[in-house]
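Colleague: I am new to this model and would like to learn how to read its features one at a time. Could we begin with a single residue and then widen the view?

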Amino acid sequence: MMILRPIQQNDYSALLKIAHESGHGFTSLPLNEALLQKKIDHSVDSFAKQTSQPGDEGYLFVLEDSETGEVVGTSAIEAAVGLDDAFYHYHLSKVIHSSRTLDVYKAVDILTLCNDYTGATELCTLFLKEAYRKNCNGKLLSKARFMFIKQHQERFAQTVIAEMRGVSDEDGSSPFWQWLEEHFFSMDFPTADYLTGIGQKVFIAELMPKYPIYVNLLSKDAQAVIGQVHDNTRPAIELLKSEGFTFNGYVDIFDAGPTVEAKVDNIATIRNANSFTVEIGEMAVGDTMVLLANEKLEGFRATVTPMSFDSRVKSIVLSQAIADALHLQAGDIISATTI
């Protein structure tokens with residue numbers, strides 16, 4: 001059984017392995033042991049914190065194989081971005097160059113540096129080990145976060161965003177960054193990405209072009225990857241699109257990967273999930289894949305299991321094994337929805 005839960009202090013070595021495997025371009029898990037430990041500490045503190053509004057909390061989850069005890073993936077939620085450090089994006093828009101005298105009318109794409117998503121809740125740090133990219137593991141790793149947001153909405157903003165990993169090769173070279181590096185920076189993409197991941201973002205404000213960039217002045221390779229995702233990220237963005245997330249022209253300042261957004265009330269899992277009273281017994285046989293999550297905070301647990309499911313009833317029957325895995329007893333409340 002695959003169980004998603006909050007990260008714990010003894011998950012450090014597993015998180016370090018995931019950081020190694022995730023590779024270049026995975027900004028939120030840099031290979032920095034002190035920073036990874038700091039992320040765990042911050043997450044543990046965030047789950048324990050009593051709050052009624054989004055702040056600097058960061059909730060880091062891990063996906064555990066209950067049979068082996070192995071941690072095979074991670075995902076996270078940042079309650080509100082940009083409150084302490086500036087949160088940068090490029091916004092892709094158009095300007096019009098026209099002259100009635102010369103009968104010329106031309107629309108030109110431009111990229112403008114901005115902080116428009118300041119205060120938004122961010123979905124981040126999603127990574128699943130390759131051997132486990134099957135069944136519904138990816139959906140559990142991603143969608144369980146929506147159940148957590150639904151159950152604790154006071155902790156999160158009304159706008160939820162997700163930055164998608166942009167195009168880069170196996171060596172971490174980004175076509176978009178190559179152009180920026182040539183004209184404005186003197187560091188390669190992995191270095192810039194790493195510095196951002198460890199919180200050293202001041203160089204962005206110091207070196208990034210302050211004025212809009214005309215897209216047609218970029219190299220052809222750089223133009224081609226604006227708003228495009230890394231091959232490994234395609235399943236993640238398709239899942240978010242199915243949840244109601246849309247791309248509104250915001251891209252990453254390093255690799256030009258797209259940022260997608262949704263309002264909390266428009267996210268499909270949040271909209272469709274219902275609460276049920278738990279009964280313990282023999283689960284009804286069925287082939288409907290159902291996402292189950294308890295409604296705890298520090299003790300949050302979620303899983304996906306096949307079962308017979310009727311959203312119109314008020315109670316749901318769980319086997320003792322699943323109830324134990326989700327830290328539930330008869331009479332407790334559980335959230336559930338099909339996936």
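**Reading a predicted model**

Colleague: Where does Lys 129 lie?

Modeller: Lys 129 lies in the loop between strand S6 (121–128) and helix H3 (137–151). Such elements are DSSP runs numbered from the N terminus, with helices (H or I) of at least four residues and strands (E) of at least two. The model is a predicted one, in which local features need pLDDT of at least 70 and side-chain atom pairs count only at pLDDT 80 or more, whereas totals for chains, interfaces and linings use all residues. Residues are numbered from 1 along each chain as its sequence is written, and side-chain values use heavy atoms, with hydrogens and water left out.

Colleague: Is Lys 129 buried or exposed?

Modeller: A residue is buried under 20% relative accessible area, exposed over 50% and partly exposed in between, using a 1.4 Å probe and protein chains only. Lys 129 has a relative accessible area of 12%, so Lys 129 counts as buried.

Colleague: With which side chain does the side chain of Lys 129 make a polar contact?

Modeller: A polar contact is a pair of N or O atoms within 3.5 Å; within protein, one must be able to donate a hydrogen and the other to accept it, and residues adjacent in sequence count only if both atoms are side-chain atoms. The partner here is the side chain of Glu 70, at 3.3 Å.

Colleague: How many aromatic pairs does the structure hold?

Modeller: Rings of Phe, Tyr and Trp (its six-membered ring) pair if their centres lie within 6.5 Å; planes under 30 degrees apart count as stacked, over 60 as edge-to-face and the rest as tilted. The structure holds 15 such pairs. In one of them, the ring centres of Phe 47 and Tyr 59 are 5.1 Å apart and the planes stand at 80 degrees, so the pair is edge-to-face. Phe 47 belongs to helix H2 (residues 33–48) and Tyr 59 to strand S2 (residues 58–65), so the pair ties together parts that are 12 residues apart in sequence. Phe 47 and Tyr 59 are both buried.

Colleague: Why does the pair of Trp 177 and Phe 254 count as edge-to-face?

Modeller: The ring centres of Trp 177 and Phe 254 lie 5.2 Å apart with planes at 80 degrees, so the pair is edge-to-face. Trp 177 is in helix H4 (residues 175–183) and Phe 254 in the loop between strand S9 (246–251) and strand S10 (258–263), so this pair ties together parts 77 residues apart in sequence. Trp 177 is buried at a relative accessible area of 1%, and Phe 254 is buried at 2%.

Colleague: Which residues do ring pairs link into a cluster?

Modeller: The cluster consists of Phe 47, Tyr 59, Phe 61, Phe 148, Phe 156 and Phe 300.

Colleague: How many bridges join strand S4 to strand S5?

Modeller: Two strands pair if DSSP finds at least two bridges between them. Strand S4 (residues 89–99) and strand S5 (residues 104–114) run antiparallel and are joined by 11 bridges. His 97 has Lys 106 in S5 as its bridge partner. Four residues lie between the strands of this hairpin, in which Asp 103 takes a positive phi near 55 degrees. S5 also pairs in the antiparallel sense with strand S8 (residues 213–214), over two bridges, and there Leu 111 is the bridge partner of Ile 213.

Colleague: Which domains does the assignment give?

Modeller: Domain bounds come from an automatic or database domain assignment. The assignment gives domain 1 (2–90 + 114–269) and domain 2 (273–338). Their centres, taken over C-alpha atoms, are 29 Å apart. The contact takes 21 residues from domain 1 and 19 residues from domain 2.

How values were computed: Contact = heavy atoms within 4.5 Å.
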